[in-house]
Structure formats: C-alpha cells, structure tokens
Amino acid sequence: MTFFPDAAIPPGRLAVGVVLPSPAVRREQKLPLTEAARHAERAGLDLVAHRDAPAGEPSLDPAVAVAAVAAATDHITVVSTAYAPALQSPPRAAEQIASLQYVADGRLVLGVGMGGGRARWTAAGVPYEERGRRTDATLRLLPRLLAGNRDPLPPDPPAPTPELPPAAPMPPIWISGNTRSAIRRAARLGDGWYPTLAPPTEVAASTVHLAELAAAFARPAPTVIVGTIGALGTSPDLPTRPDLARDLAKANGTTSERYAEVPVTGSTREAAEHLHNYCGAGVSRVLMTVAGGDWRHQVELLAEVRELLR
C-alpha cells in the first residue's frame with residue numbers, strides 16, 4: 001500500500017485522519033501508541049499522525065514513534081506532523097527518512113516544521129535564526145540523496161562524502177505552519193501545506209495565495225491539509241465548541257473569537273457539515289486532535305464522519 005493520493009479523493013470530498021493521543025492520554029486510557037494506530041486503521045480512517053509534544057514537555061523521538069506506528073499498521077497513511085530535517089546533517093536525515101519509508105512500505109508523509117523552541121535547535125548545534133535557511137537547503141538535497149545521488153554536499157559544515165542509504169522513494173513533504181513564510185516554503189518546496197487551527201475563510205484566502213506563489217515558481221499548487229481539534233458526540237461531559245475556543249485562545253494568547261469556527265463538535269452529521277466547509281477552501285485532507293472523551297470511541301465516531309464526507 002502506498003501513500004493515499006489526491007486522485008483517490010473525489011472533488012468536494014475529504015480524506016480524514018486522527019492525531020495519535022498524547023502520552024498523558026495514553027497513560028490515562030491505557031492505550032499504547034501502536035494500539036491507537038491500529039485502532040484508527042481498523043476504524044477505516046485514511047491517515048494517522050504522530051505529533052511532537054509542545055516545547056518543554058517530554059516527548060518521544062519522532063522517528064522512533066513513526067517507525068513503531070508504521071510497523072504496527074498495514075495500509076493507513078502515516079504522517080509525522082513536525083519533522084525537522086535541519087536538526088541533523090542532510091545525509092543523516094536522508095538515512096532516517098529512507099529507513100522510515102522502508103518500514104512504512106511507502107506510506108510515509110513528512111510534515112516539516114521548525115518548532116520546538118530555541119533550546120531544541122541550540123542543542124542540535126543549529127543557530128535558531130538559521131533554521132529556515134537550513135531547512136530549505138536540506139529539502140532541496142533530500143530527493144537527490146534518497147535517490148542515491150552522491151552530489152557534493154554544501155560545505156557548511158564541511159564533511160567527508162557519506163555512505164548513502166539504499167535508494168528510497170521521496171515521501172510527500174507537507175510544510176507545517178500558518179505563517180506567510182510557511183506558505184511560501186510550501187509553494188516553493190512542498191507537496192502540501194499543513195496549517196493548523198485555522199478557520200475555513202482564512203484557509204481559503206491563503207490557498208489562493210499559495211496557488212499564485214506556486215505558479216510563480218512554475219510548480220503545481222500543493223495539496224492543502226488542515227489540522228483541527230474536536231470532541232464528537234452529545235455527552236454533557238464533552239467540551240463544547242466555545243469551551244475549546246476559549247482553551248485555544250488562552251494557550252495562544254488571543255481571543256476566543258479567533259478560534260470560534262475551528263473546533264469540531266456535536267453529532268457526526270454536525271461534524272461532517274462543519275468539516276465540509278473546508279472543501280470550498282481547497283482542502284483535501286483533515287487531521288483531528290481528540291480533545292475529550294474516550295479516544296477509541298472518538299476515533300470510531302470520526303470514522304462515521306469520514307463516511308459522510310466521502
């Protein structure tokens with residue numbers, strides 16, 4: 001099974017996936033990472049994603065986590081939502097990505113980000129102000145390195161010619177981020193643009209800008225994937241859309257109005273109608289973070305939403 005292609009998603013429809021539960025949720029609900037991934041696959045979702053913990057919180061090594069998820073599943077697309085190739089040398093990044101592609105049997109997607117906080121980059125020996133330039137340079141090199149091309153590498157830092165991994169298909173690159181620089185990077189170097197927690201109207205405006213930039217770079221417009229958050233069902237124990245909007249506003253230092261149209265809540269039909277608004281914004285895939293309730297049951301409800309959107 002290979003990566004779920006755009007051609008498999010009918011116009012006006014969405015592929016639907018879920019972000020794997022946080023370490024805290026896994027402990028509380030006695031849900032191992034690999035079992036969570038298998039449950040999402042069995043439920044019929046199209047994608048499953050591993051996300052790094054916020055800066056300052058304990059987290060798993062993304063490559064190890066994604067490899068475990070890929071090995072535990074058979075056909076679902078596996079997404080690493082915030083892979084940072086510039087944290088290591090280009091040959092080492094190519095070796096890691098090739099290994100993940102082999103384990104995933106071609107189902108890997110790399111969501112490339114530059115988050116994690118200044119300390120993460122400093123610890124890797126990458127000046128924080130240079131993370132964008134180094135990310136771009138690595139992304140340009142990766143297709144040749146994964147193909148086994150031994151072209152000379154940039155002299156910064158100087159290094160001997162490395163042993164390259166066996167040739168592997170270049171995975172789709174989704175550029176994570178809502179900023180103008182992320183949109184420009186996606187247009188220039190990405191196969192997809194992956195904004196999170198953005199309302200449909202904002203995504204729609206940015207998608208137009210993305211297509212214009214891609215055309216200026218003589219590239220096809222990248223696919224658009226939206227990351228959202230939600231809690232499905234009508235139980236009074238679940239957070240409501242206003243509850244989640246307030247939480248997001250508090251976490252990001254803004255007003256709840258900024259996130260009023262982002263959370264996905266209510267019945268499966270209400271959730272499907274809400275997510276369908278993204279179709280008009282040029283979105284082809286949605287990845288939801290579960291914000292409450294039993295994670296397994298939430299995934300089952302999300303699979304019902306997926307059926308209403310296909």
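**Reading strands and helix packing**

Guide: Start in the sheet, where Val 19 stands opposite Ala 49 in strand 2. The model is predicted, so local features need pLDDT of at least 70 and side-chain atom pairs 80 or more, while totals for chains, interfaces and linings use all residues. Residues count from 1 along each chain as its sequence is written, and side-chain values use heavy atoms, leaving out hydrogens and water.

Visitor: Which strands pair with strand 2?

Guide: Pairing takes at least two DSSP bridges between strands; strands are DSSP runs of E, at least two residues, and helices are H or I, at least four, numbered from the N terminus. Here strand 1 (residues 15-19) joins strand 2 in parallel through three bridges. Strand 3 (residues 77-83) also runs parallel to strand 2, with four bridges, and Ala 49 sits opposite Val 79 there.

Visitor: Are the faces of strand 2 buried or exposed?

Guide: Buried means under 20% relative accessible area (1.4 Å probe, protein chains only). In strand 2 (residues 47-50), Leu 47 and Ala 49 on one side are buried, and so are Val 48 and His 50 on the other.

Visitor: How do I read two packed helices?

Guide: You use the angle between their axes and the distance between the axes. The axes, lines fitted to C-alpha atoms over the stretch in contact, with angles of 0 to 180 degrees between N-to-C directions, come within 11 Å for helix 6 (residues 131-146) and helix 7 (residues 180-189), crossing at roughly 15°. Contact (heavy atoms within 4.5 Å) involves residues including Leu 139 of helix 6 and Leu 189 of helix 7.

How values were computed: Buried < 20%, exposed > 50% of the residue type's maximum accessible area, 1.4 Å probe, protein only.
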